[in-house]
Amino acid sequence: MIDYSKILSERACSLKPSGIRKFFDILDEMKDVVSLTVGQPDFVTPWHIREAAIESLEKGRTYYTSNAGLTPLREEIVAYMQRRFDLKYNAKEEVLVTVGGSEAIDLAIRATVNPGDEVIIPQPSFVCYEPITVMAGGTPVIIPLKAENNFKLTADELRAAITPRTKMLVLPFPNNPTGAIMNADDLKEIADVLRDTNILVLSDEIYAELTYTGKHISIASLDGMRERTIIASGFSKAYAMTGWRLGYTLAPKEITAQMFKVHQYGIMCAPTVSQFAAIEALRAGDSDIEYMKDEYNRRRLYITSGFASAGIECFKPEGAFYVFANVGGFGMTSEEFCTKLLYEAGVAIVPGNAFGECGEGFARVSYAYSVNHISTAIEKIDQFVKKLKNN
């Protein structure tokens, strides 16, 4: 009989399952739950984008594309980045089309991190950075972000985490799950720490278009930072294209060439129909972005007001579409609070420690839902909290 403990990858076995998926598995077995868990736009992909995809199918464009992606798509990505964020890239040598933003992150880490290299990861943050680092043989170095700093990464925190083995800093802003952003002054301080080092930056900018207080600034736009920065982004959040599974990287040609090889052997190319849809999104989707952003902003203000009325303190998000609510004052862990809320009030939110141990005491609440849906959830949460306080 096979002893699987002796044949499976030790690195794979060492990984913990996603804390987010654990809660989703519970939801699958329940009915009539008001969920604020999913980081997915509730908008349908705009019609003109879907129509472009349909047209590509009608014309029989069902072939492989080049490994790096359709040339017109890479050119449109370059034009978009210059138009929206004042960044200049070479479409042929510095752009790689990926299967979602998740593959972009995976490529950036696997193509640069050697066994023993350290990767600095601010947390709370998206769940994949740490396990991908481990799978690449790297060592995650966690910086706990603090509520008193508005969940921003500070230059002092970064400086203290750097060692001779540091290879990369992950910069996950706008942030999932906190909604924190880094403005130009914040990024300048980070850049000053890194500029004279060989440390790379993986800047996850998937929520760049969902910045509510001013315009998103990429660290790659600062002096001396483009040469060391890999931008990972995609179409899921800005264009409501989650199921299309399309992302991209922007990086110097020397780095892109190595990511290209990993992508080439592991993926081949991103879905062709999604690439044609993305060309249309970039060419004619700026108004879609603004419409959805305005609606998310309305929901942001509504949900933070609702939590305040319910007596739950929460950091007011400035980006993405999440609220990081402080649930640490009820005499239970984040997971206990969320589990009790689910079973007793029928509302699902995600424990903060799913995004790193420093998320303990908080819970992530998505407002990528309609105001009516949010309103129902807030009413139930308010009643639940009142019941807790009266017991």
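T178 is found in the loop between β5 (166-171) and α8 (184-194); helices (H or I, at least four residues) and strands (E, at least two) are DSSP runs, numbered from the N terminus. The model is predicted, so local features need pLDDT of at least 70 and side-chain atom pairs count only at pLDDT 80 or more, while totals for chains, interfaces and linings use all residues. Residues are numbered from 1 along each chain as its sequence is written, and side-chain values use heavy atoms, with hydrogens and water left out.

**Surroundings of T178**

- T178 is buried, with a relative accessible area of 0%; buried means under 20%, exposed over 50% and partly exposed in between, with a 1.4 Å probe and protein chains only.
- The T178 side chain makes a polar contact with the side chain of N175 at 2.9 Å. Such a contact is a pair of N or O atoms within 3.5 Å; within protein, one must be able to donate a hydrogen and the other to accept it, and residues adjacent in sequence count only if both atoms are side-chain atoms.
- The backbone nitrogen of A180 is reached by the side chain of T178 at 3.1 Å.
- Leaving aside residues up to four places away in sequence, T178 touches P124, F151, F315, P317, Y322 and F324, where contact means heavy atoms within 4.5 Å.

**The sheet**

- An open sheet of 7 strands runs in the order β2-β8-β7-β6-β5-β3-β4, with mixed pairing; two strands pair if DSSP finds at least two bridges between them.
- Its edge strands, β2 (95-98) and β4 (139-144), each pair on one side only.
- Strands β3 (residues 118-123) and β4 run parallel and are joined by 6 bridges. E118 has T139 in β4 as its bridge partner.
- V119 stands opposite P140 in β4.

**Nonpolar cores**

- The largest nonpolar core has 40 residues, and Y296, I303, F307, F321, F337 and I349 have the most contacts inside it. A nonpolar core is a set of buried Ala, Val, Leu, Ile, Met, Phe, Trp, Tyr and Cys residues joined through side-chain atoms within 4.5 Å.
- α11 (286-310), β10 (322-326), α12 (334-345), β13 (362-366) and α13 (371-390) each supply at least two residues of this core.
- The largest share of this core, 7 residues, comes from α13.
- Another core, of 33 residues, lies apart from it and has L73, M81, V95 and A277 among its members.
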